[in-house]
Number of protein chains: 2
Amino acid sequence: MKRTAFFVSDGTGITAETLGHSMISQFAGMEWAQVTLPYVQTNEQTHEAVAQINRIVDAGHDKPIVFSTLVDEEHRTILNGCKGLVLDLFAVFLAPLEAELGMRSSHTVGQSHAIKDHEAYRIRINAVHYALDNDDGARTRHYDQADIILTGVSRSGKTPTCLYLALQFGLNAANYPLTEDDFDDLRLPKSLQPYKDKIFGLTINADRLSAIRSERKAGSKYASARQCDLEVRGLEAIYNKHNIPYLDATELSVEEIATRIMASTGLQRKLQG
Amino acid sequence: MKRTAFFVSDGTGITAETLGHSMISQFAGMEWAQVTLPYVQTNEQTHEAVAQINRIVDAGHDKPIVFSTLVDEEHRTILNGCKGLVLDLFAVFLAPLEAELGMRSSHTVGQSHAIKDHEAYRIRINAVHYALDNDDGARTRHYDQADIILTGVSRSGKTPTCLYLALQFGLNAANYPLTEDDFDDLRLPKSLQPYKDKIFGLTINADRLSAIRSERKAGSKYASARQCDLEVRGLEAIYNKHNIPYLDATELSVEEIATRIMASTGLQRKLQG
C-alpha cells in the first residue's frame, strides 16, 4: 500500500514539494503517491483540499502526510482540521524567526517563487539564451562572456547542467564537446585555449555512457563500448594533461553536478532563488 | 545592516535554500546576505560551518539565521552549538513522521536531490533535448511527441518555461513563435493545426515586452511600443478566435508560469522531484 503525500501551497508548490521530498526520501523502501495542490488561495479552495485529503482516509487508506506552506492563518486553521498528518512549515519556523528578527512576517501568500524584480528576470533570461546559443560549441562561441565552459564527450550531461546553471543561478554557462580529433594530440581545441581558466570537465563511466548512447542510437559505433571507452580515456588524458578540474558525473543528478561545480570552483551565483 | 542567512546541507543545499527563501521572503523590506554551505558531510566540515557563522556574531553583527537540512545526528548537535539561530528541518519534521509511519528514517545524507534511477535520468535528459530541438519552431517540429506546445510572441518567456518544464517535470515542451504574418488572417499556422489541443498561449503586457526587447535591440522596430502593441493584440485575437487557453506572464516568474500551466491544463508531471 502506498502512502499519499500532499504538497499544499498558496503559490507554486515548489517549496512544499522540495521540503516534502526531502523528508519522504528519508524513508527508504516506502512507496508514495504524490499530489501537489498549488495556488490554494481561498477558504473554498482550502476546503476542497481538505475534502480531497479526507476522501483517502474515508476510503480506508492510511493517513496521508500533508506538507503545507500555506501562510494565511484562516487557511491554515481549515487545513489543520483535515484527517491527514499536517506538517505546517510556517507554524514551525515563523514564530522563532519573528522573535529573533523582532518583526511580524507579512503573511503574504505566494511570495517564494514570485518574480523578484525585472533585473533578476533579465539576468535569468539572458543566461538561458546564452546557454542555448553557446550549446555544444555549435552556434556561437562567446566564451569571453562565459562564467564557465563545461567540456565532456557527447551525452555526458553538459547541456542540462548548463541550462540548470542558467535557470537557477543566472550563470552564463557554455559547453563544448570534446571529440576523437581532440584526443589524438591531447591539445586543447583552439577556441578554448584563451579561456582555460573557465573550463570545467565532466567525465562519465564508459559503460554508463554506452547505455545512454544506446538509447539514442542502438547498435551504432557511437554507442559501442569500445568507442565510449576510447573517448572517456582520451578525455581524462586531456583533463590531466592541462590540469583541468573535472568531476565524474556518472551517478550524479543535474542538481548535484551543478552544485558541486559551484562548490569546487567557488563560482558565485548571480541570482538568489 | 543586512542579516545573514545560512543554508547548511549535507547535499546540494537546494532544500535548505528553498525552505529558507520561503521564510525570509515573508519579512518584507529586510535585506539579507545569503550563504549556502553545501556538502557538509563530516564533523570537521560542520565545525568549519560553525566557525563561519560565529565569526559574524563575533564581529558584532546580528545573529545569523541558519536553515539546516543536516541529517546526521552528530553533525546536527555540532551545528546547534553555533551562535546563530538554527532552524533545523529534520529535528522538527522527522519525529512526527517517524511516529506516523511507524518506522525510523534512514538518516542518510544527501538523498533529496540524488539521482533517483536511470529511468528518471533518461526521461529528464530526453525532455531537455526535446525542448532544445523544438525551440522556436526552428529546428524540428516533432509536435506528435509534445506534451505541450507553448505559443507567444518573441521574448514572452516561452523558451525558459519550456526548459523549466523539461528539467523539473520531464515534460516534452515545444514552443512556437507567433509572428505578424499569423496575425493578418488570424489563422493558426499550418504546423500547429493538427495539435490544437496541445497548445497553450502566453501573452504579456506590451510595454513590458517593449522594455524586454529594448534590452536586446534598443531603438529597433522590433522593440518599439507600436510593434509590441500590434503583436500582443494580434496574438490575443488568435487565442480568442481559436479558444486557446492562455496566461498573462507579465508579472510571473518562470516557476509560476510553469506551475500555472500545469494546474490549468491538468498536465501530469513525468518526474517526481
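How far apart do the C-alpha centres of domain 1 and domain 2 of chain A lie? They lie 39 Å apart.

1. **Basis of the note.** This is a predicted model, in which local features need pLDDT of at least 70, side-chain atom pairs count only at pLDDT 80 or more, and totals for chains, interfaces and linings use all residues. Residues are numbered from 1 along each chain as its sequence is written, while chains are lettered from A and ligands numbered from 1 in the order in which they are written.

2. **Domains of chain A.** Chain A is divided into domain 1, residues 3-101, and domain 2, residues 118-265. The bounds come from an automatic or database domain assignment.

3. **Sheet of chain A.** Four strands of chain A form an open sheet in the order S2-S1-S3-S4, with parallel pairing. Strand S2 (32-37) and strand S4 (85-88) of chain A stand at the edges with a single partner strand each, so one side of each has no neighbour in the sheet. From one strand to the next the twist averages 20 degrees. Strands (E, at least two residues) and helices (H or I, at least four) are DSSP runs numbered from the N terminus, and two strands pair if DSSP finds at least two bridges between them. Axes are lines fitted to C-alpha atoms, for helices over the stretch in contact, and angles run from 0 to 180 degrees between N-to-C directions.

4. **Strands S3 and S4 of chain A, and a helix from chain B.** Strand S3 (residues 65-68) of chain A pairs with S4(A) in the parallel sense over four bridges, and A:Val66 stands opposite A:Val86 in S4(A). Helix H4 (residues 89-101) of chain B packs on this sheet, where it touches S3 and S4 of chain A, and its direction makes about 170 degrees with that of S4(A). Contact here requires the C-beta atoms of two residues, placed from the backbone, to lie within 7 Å.

5. **Interface between the chains.** The contact takes 62 residues from chain A and 62 residues from chain B. On the side of chain B that touches chain A, the elements that each supply at least two residues include helix H1 (14-24), helix H5 (118-133) and helix H10 (254-265) of chain B. H1(B) gives the most to that side, with eight residues. The residues of the side of chain B that touches chain A comprise 31 nonpolar, 22 polar and nine charged. Ala, Val, Leu, Ile, Met, Phe, Trp, Tyr, Cys and Pro count as nonpolar, Asp, Glu, Lys and Arg as charged, and the others, Gly among them, as polar.

6. **Helix H5 of chain A.** Helix H5 (residues 118-133) of chain A has 16 residues and reaches 22 Å from its first C-alpha to its last, close to the 22 Å expected at 1.5 Å a residue; the expected span is 1.5 Å times one less than the number of residues. The buried residues of H5(A) include A:Tyr121, A:Arg124 and A:Val128. A residue is buried if 20 or more other C-beta atoms lie within 10 Å of its own, exposed if 12 or fewer, and partly exposed in between, with C-beta atoms placed from the backbone. Cover for the buried residues of H5(A) includes helix H6 (158-169) and strand S6 (173-177) of chain A together with H6 of chain B.

7. **Strand S5 of chain B.** Five of the five residues of strand S5 (residues 148-152) of chain B are buried. B:Ile148, B:Leu150 and B:Gly152 point one way from S5(B), and B:Ile149 and B:Thr151 the other way. S5(B) runs parallel to strand S6 (residues 173-177) of chain B and is joined to S6(B) by five bridges, with B:Ile148 opposite B:Ala173 in S6(B).

8. **Backbone angles to check.** A:Tyr39 has phi near 55 degrees, a positive value in a residue other than glycine. A:Tyr39 lies in the loop between S2 and helix H2 (43-58) of chain A and is partly exposed, with 18 other C-beta atoms within 10 Å. B:Leu186 likewise has a positive phi near 55 degrees. B:Leu186 is placed in the loop between helix H7 (180-185) and strand S7 (199-203) of chain B and counts as partly exposed, with 13 C-beta neighbours inside 10 Å.
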